Amino acid sequence: MAQAEALMDSEQESLLAGALKSAKREAFDMKRALDKGQHIEAFKHAASMLSELRTSVLSPKYYYKLYVDIVDELAHLSGFLQDESLGETRFKQLAEFYEVVQYAGNIVPRLYLLITVGVVYYKMDNAPKREILHDLVEMCRGVQHPLRGLFLRSYLLTSTKELLPDTPSGDTSHPTGDIDDSIRIIMTNFSEMNKLWVRMQHQGPSKDREKRERDRRELRILVGTNLVRLSQLENMNLEKYREVVLPGILEQVVSCKEPISQEYLMDSVIQVFPDEYHYETLHEYLEACSDLEANVPIKYILSALIDRLAAYVMEKPSASSVQDVLLFEIFSDRADKVIGSRQEMPAEDIIVIQTALINLAIKCYPDRTDFANTVFGSTSGLLKNLGITGLSPSSNVGKELIKLLEIPIQQLDDVIRLLDISEFGTLMSVLNYRGRCQVAVTLIENILDSETQLTEEAHINGVFALLDVLLTDSADQPTEIEKDDDFIEGQEYVSKLIQRIYNEDILKNFKLLKAARKVFGNGGIHRLTHTLPPVCFAVFKLALRAAENRDSLDNFDAEVNKFFMFALKTIIALKSEAEQGPLALRMYLQAAIVNDRIVYENNEVMTYEFISKAFTVYEEEIHDSREQTYFLNALIGTIQKTTQLTEENYDPLSSKCAMLSTKLLKKYDQALAVMKVAHLFWSGQIAGATEPMHDHARVGECLKKALRLASQCVEDYVQITLYTFILNENLFFYERGCTEIKLENVNTLIDKIRDAVSQLDRTAEADPIIDGYNKALKYIRTKQEAGSGLEHLEGVKLPEE
């Protein structure tokens, strides 16, 4: 097909080149004859040039190129005729020329010349203007070849643009009449051009039907120019449009019974005439829509008209008929009739029309959600009757349906108002899993972007009902859903949505979170992983807000205890139901930190419970050595941050950390963990105490234990690294007065590191180890140079440099 079209284009280019060559030659001879004053000879050459437009072999695209070049040349003749240097004989000569050109041998060049001369003759004083204009319009009927006739009449319309009268009805100041005459002339030209344009469709073999349709679409603007010219008449008003222009156009459109023409002209009417006219003649236009051919894509016509009028009403809300005539009801009734009368209308077309209706309902009647509900209800009913379900968002129908569903989400001021459209969810269910997910994500995005708050339980239940595809399992969801990118993205959005649950009343806010948690509980193992942690964090945030507003709660201690009991149960579900032990461990530790910050009656019990639960998960679920190291460090850090545990509860937790540190797989990790435990016994804060505990003996035990573990490491690099860390820890505690740190032990450790380092080769692997040791020595030296005393590490012996 592409090759055939390429060959055709090549042939057309060749034919066009030949025609242009002949036209240029005759144009040159015409200009030379005019320069010599040989007027009749010039007209002969002009006629020969125009004869090239009689061709039937050029396609519309190439015929247009030929037409443009020839009309440009014809402008030279027009310019000569308007030259006033002809003097007093000019009027007489033009009258003669007007008669002479009518004797041209062929009708096409004859009429082009007649128009060219006639327009100039018309402008002369005392010329029979009315007769000239009448001749030009009527004589064009002589060309009935579609392509030639269209371009000829287009030339007529362009040339007479300034000649047509545009004075009010009854005004006799213009020699050729008033605006009524102009309307009649343009309407006549429009009618004839449309007939020619339609006739093109029925010429030639049926196998060339598609080509003819393409050609016709390329020529449509020639016909539409008539409507543009009508709209440009300054004295055109609503009365004339209603009584003369629109009826004439619609009669021509309906009577031609040709889909391409009907589609284009109905759309052109919408585009070129003012919205006010459409508003006042709505019934007439819609009646004509019902009479269009069945294969006219009515969806574009109706949707364009609805969108135009919706914008018009929005810009001029005080328009007289806004209150008297409900546009929505008119269009809704008409849409139902059109869809009902076209049994073969594709589902895609139905949805496009309904999309325009929903736009109209929401933009013009934002307080009438029942209008939007009517559209969604009728759309779902129509699709159900067609047996359509499980629509893919990538299909044409699915794309249009998603556009329809997204309109109220994006345009309503508050997405909570969407809950008043009860049929929204019904229509949404027509989509398949991915389509419903796409709409649900759009809904959440709107809530987040507009910072809409879910302040009532009814809001949560309503919104979550629309988000059901993201919250519970669906029959059509993909297998191994936990690996699906769309699923993960959707759950991330649900997690963000939880942060929009808010109520000024703290207890009501807690009730909302419990309602959300209840819904999330039905989500299954893969969803709980994403949804339960945000619920916990929302509860933590609420508890901190309650602490800041302690006086607003009648029974603060009991209420806050409920918050953390709720969090505890949620984290337990995260471990047992979602099977997310490591994540549950993190959440237990986070809960312990938040709980410890809030002073209330059951504070210590809950903190201890959270940490003990974390230890249980650690021992039951964490088996990988790297994860054990990571989580043990997290446990140590969490316990160290607590301030509300009594010694009775603090001691078993810290001792548990010390015990677990010795059970790590690698000696290196054991030594590091034991050093961290030492800080638990030094900087740990016991409830009621004003100072850290500073347990000298336990700190000394930990550092000695670390040193033994380091000595058991076989690799030199690992051993020296640990010795350096232990040296730093000894210096830290020594400076702060830990009595268990002896100078002789520090000096012995320095000597041990020095001897080990001296045995190392300076390699890329050894350099950072040696640098670490040197930095420790530099620190000691700097301290000693600053003064004397414990804090200046007096008594620590440095090796000679």
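Helix α28 (residues 581-597) and helix α30 (residues 625-641) pack with axes that come within 9 Å and cross at roughly 10°. The two helices are therefore roughly parallel to each other. This is a predicted model: local features need pLDDT of at least 70, side-chain atom pairs count only at pLDDT 80 or more, and totals for chains, interfaces and linings use all residues. Residues are numbered from 1 along each chain as its sequence is written, and side-chain values use heavy atoms, with hydrogens and water left out.

- Two packed helices are described by the angle between their axes and the distance between the axes.
- Axes are lines fitted to C-alpha atoms, for helices over the stretch in contact, and angles run from 0 to 180 degrees between N-to-C directions.
- Angles under 35 degrees count as roughly parallel, over 145 as roughly antiparallel, 65 to 115 as roughly perpendicular and the rest as oblique.
- Helices (H or I, at least four residues) and strands (E, at least two) are DSSP runs, numbered from the N terminus.
- From α28, the contact with α30 uses Pro582, Leu585, Arg586, Leu589, Ala592, Ile593 and Asp596. From α30, it uses Tyr630, Phe631, Ala634, Leu635, Thr638 and Lys641. Contact means heavy atoms within 4.5 Å.
- The residues of the α28 contact with α30 divide into nine nonpolar, one polar and three charged. Ala, Val, Leu, Ile, Met, Phe, Trp, Tyr, Cys and Pro count as nonpolar, Asp, Glu, Lys and Arg as charged, and the others, Gly among them, as polar.
- Helix α26 (residues 525-548) also packs on α28: their axes come within 10 Å and cross at roughly 5°. That makes α26 roughly parallel to α28.
- Thr529, Pro533, Cys536, Phe537, Phe540 and Leu544 of α26 meet Leu583, Met587, Gln590, Ala591, Val594 and Arg597 of α28. This contact divides into nine nonpolar, two polar and one charged residue.

- Gln628 lies in helix α30. At 17% relative accessibility, Gln628 counts as buried. Buried means under 20% relative accessible area, exposed over 50%, partly exposed in between (1.4 Å probe, protein chains only).
- Gln628 touches Tyr618, Ile622, His623 and Leu664, not counting residues up to four places away in sequence.

- Helix α8 (residues 179-199) has 21 residues. It reaches 30 Å from first C-alpha to last, close to the 30 Å expected at 1.5 Å a residue. The expected span is 1.5 Å times one less than the number of residues.
- In α8, 16 of the 21 residues are buried.
- At the start of α8, a side-chain oxygen of Asp178 reaches to within 3.0 Å of the backbone nitrogen of Asp180.
- Helix α34 (residues 716-735) has 20 residues and should span 28 Å; its end C-alpha atoms are 28 Å apart, which agrees.
- In α34, 14 of the 20 residues are buried. Gly737 follows α34, and its phi is positive, near 90°.

**Positive phi outside glycine**

- Lys257 is not a glycine, yet has a positive phi of about 50°. It sits in the loop between α10 (238-256) and α11 (259-272). Lys257 is exposed, at 55% relative accessibility.
- Glu451 is not a glycine either, and has a positive phi of about 55°. It lies in the loop between α21 (433-449) and α22 (457-466). Glu451 is exposed, with a relative accessible area of 58%.

- Gly224 is in helix α9 (residues 209-232). At 5% relative accessibility, Gly224 is buried.
- Gly224 and Gln719 are 495 residues apart in sequence and 91 Å apart in space, C-alpha to C-alpha.

Definitions and conventions:
A polar contact is a pair of N or O atoms within 3.5 Å; within protein, one must be able to donate a hydrogen and the other to accept it, and residues adjacent in sequence count only if both atoms are side-chain atoms.
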